[in-house]
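User: I would like to learn how to read backbone and sheet features from a model. Please take me through a case.

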Amino acid sequence: MINLLKSEPRLTSHNLQIIACAGSGKTEFISHRIAYIIAKEIAKPENIVAFTFTEKAAEELKLRIRSKIRDLLGHQPDIGDIFVGTIHGFCYELLKEFIPEYRAFDVLDEGKRFSFVSSIRSDLGLPNLENWLVSIGMRKPYGSTKQAWIINTFIRGVDIVREEMLDPEVVSDSEAFINAYHLYDEKLHERRFLDFSSLMALAVGFLQKDENILSEVRKRFTYITVDEYQDVNLIQ
């Protein structure tokens with residue numbers, strides 16, 4: 001593997017896409033490539049970002065990279081500044097670094113997000129959302145409570161709007177959904193919460209509208225690796 005990287009400099013200096021079946025060694029090659037880039041000082045650890053699908057996969061990739069650097073150098077250098085994690089985690093780090101306000105925000109996982117939406121259900125107007133869902137032909141799944149159905153459907157609608165980078169008015173002409181969507185965003189910010197799709201939407205939004213942030217991010221992160229594409233949407 002290392003001989004291949006030495007003989008083919010394009011593998012570390014150009015864009016590279018790997019298409020292969022499961023278990024064929026994609027992650028193994030990725031970890032070799034990142035270790036080689038660091039060991040040969042092609043880039044510093046702080047210039048490297050590696051996206052994984054889960055935090056568990058991130059920990060495994062970190063261990064592999066450390067092991068391969070140790071094999072190359074004979075000792076273990078500090079690679080603490082390399083980012084290996086999920087896209088959502090990276091967006092959270094960007095927000096905390098460049099928009100100090102978000103350092104005081106907490107991220108809601110799926111369970112806490114459901115509870116949060118449930119806590120503001122009166123403000124969101126759940127009966128109006130139910131009438132809208134029924135009007136467009138949607139029906140409550142068997143075994144689900146009416147409230148859970150409405151909340152889960154609303155949450156998925158919010159995520160679709162953000163992940164596909166759309167305006168809620170484009171997705172629906174329902175005032176019930178549009179008003180609930182904007183109110184939900186307001187309540188999140190008011191209570192200093194973020195959810196997974198808002199992490200990406202906010203990070204991309206700041207990169208699009210602030211040239212200084214965009215320039216700094218581009219200068220700092222020069223080697224971007226994605227270990228498998230799963231659940232990819234437009235904003236990712």
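Analyst: Helices (H or I, at least four residues) and strands (E, at least two) are DSSP runs, numbered from the N terminus. Residues are numbered from 1 along each chain as its sequence is written. The model is predicted, so local features need pLDDT of at least 70 and side-chain atom pairs count only at pLDDT 80 or more, while totals for chains, interfaces and linings use all residues; side-chain values use heavy atoms, without hydrogens and water.

User: Where is E41 placed?

Analyst: E41 sits in the loop between α3 (26-39) and β1 (48-51).

User: Is E41 buried or exposed?

Analyst: Buried means under 20% relative accessible area, exposed over 50%, partly exposed in between (1.4 Å probe, protein chains only). E41 is exposed, at 69%.

User: Which strands form the open sheet, and in what order?

Analyst: Strands of a sheet pair through backbone hydrogen bonds, either parallel or antiparallel. Two strands pair if DSSP finds at least two bridges between them. Here the order of the three strands is β2-β1-β5, with parallel pairing. β2 (83-85) and β5 (223-226) are the edge strands, each pairing on one side only.

User: How many bridges join β1 to β5?

Analyst: Four bridges join these parallel strands. I48 stands opposite Y223 in β5.
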